[in-house]
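Q: Got a model open here and want a quick walk through it. Can we start with overall shape?

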Amino acid sequence: MALTYSPISTDWPCQVKTPGSYDWERSAAKWLRELVPARYASYPALIRHPVLLARHAQLQVQQEMRVARTALQTARAELPGLGMPESVIEHTIKLYAAEVMQLQHIARSVRVVSQALMERTHP
């Protein structure tokens, strides 16, 4: 079965085999399960339908980005009230900024894996 999707992209996760290769869907599902809370990864519908798992992973990553952005945007105003010294506040801001960037990359990766899984089920 030939796929029209080409995963040659910086967004394609290295943990997921190339679409069309042996067992690639299993590697995609394994990677996606690592992105969702453990209780979701064991639900039968998400195990049987990797496209559903991919959808849930997309929602999960989007929510994590909202949380990290909120934490970043409010850190300078709220952390002094918690007694945090300036050095800790600066470190925390850098941490949240890096996390937002990492989550953006993960979100792009989930999108390309989702697209490949959908093309597998709906060529």
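Q: What radius of gyration does the protein have, and what would a compact globule of 123 residues have?
A: This is a predicted model. The protein comes out at 18 Å. A compact globule of 123 residues would be near 14 Å.

Q: What does the C-alpha trace span along its principal axes?
A: About 60 × 30 × 20 Å.

Q: How much of the protein is buried?
A: Buried residues account for 36% of the 123.

Q: Switching to confidence. What's the average pLDDT?
A: The protein averages 91. A score of at least 70 is reached by 91% of the residues.

Q: Where is confidence lowest and where highest, by helix?
A: Lowest is helix 2, residues 38-41, with a mean of 88. Highest is helix 4, residues 50-78, at 97.

Q: What about residues 1-5?
A: There the pLDDT is below 50. The stretch still has twelve contacts in the model beyond near neighbours in sequence. Where pLDDT is low, the predicted coordinates should not be read in detail.

Q: Charges next. How many positive and negative side chains?
A: 14 positive and 10 negative. The centres of the two sets lie 6 Å apart.

Q: Now Asp11. Buried or exposed?
A: Asp11 is buried, because its relative accessible area is 16% and the cut-off for buried is under 20%.

Q: Where does Asp11 sit in the chain?
A: In the segment before helix 1, which covers 24-33.

Q: Which residues is Asp11 in contact with, leaving aside neighbours within four places in sequence?
A: His105, Arg108, Ser109 and Val112.

Q: One more residue, Gln62. Which helix is it in?
A: Gln62 belongs to helix 4. That helix is also where mean confidence is highest, at 97.

Q: What separates Gln62 from Leu103?
A: Along the chain, 41 residues. Between their C-alpha atoms, 8.1 Å.

Definitions and conventions
Residues are numbered from 1 along each chain as its sequence is written. This is a predicted model: local features need pLDDT of at least 70, side-chain atom pairs count only at pLDDT 80 or more; totals for chains, interfaces and linings use all residues. Side-chain values use heavy atoms; hydrogens and water are left out. Helices (H or I, at least four residues) and strands (E, at least two) are DSSP runs, numbered from the N terminus. Buried means under 20% relative accessible area, exposed over 50%, partly exposed in between (1.4 Å probe, protein chains only). Contact means heavy atoms within 4.5 Å. pLDDT is the predictor's confidence in each residue, from 0 to 100. The radius of gyration is taken over C-alpha atoms; the globule rule is 2.2 Å times the number of residues to the power 0.38. Lys and Arg count as positive and Asp and Glu as negative; His and the chain ends are not counted. The place of a charge is taken as NZ of Lys, CZ of Arg, CG of Asp or CD of Glu.
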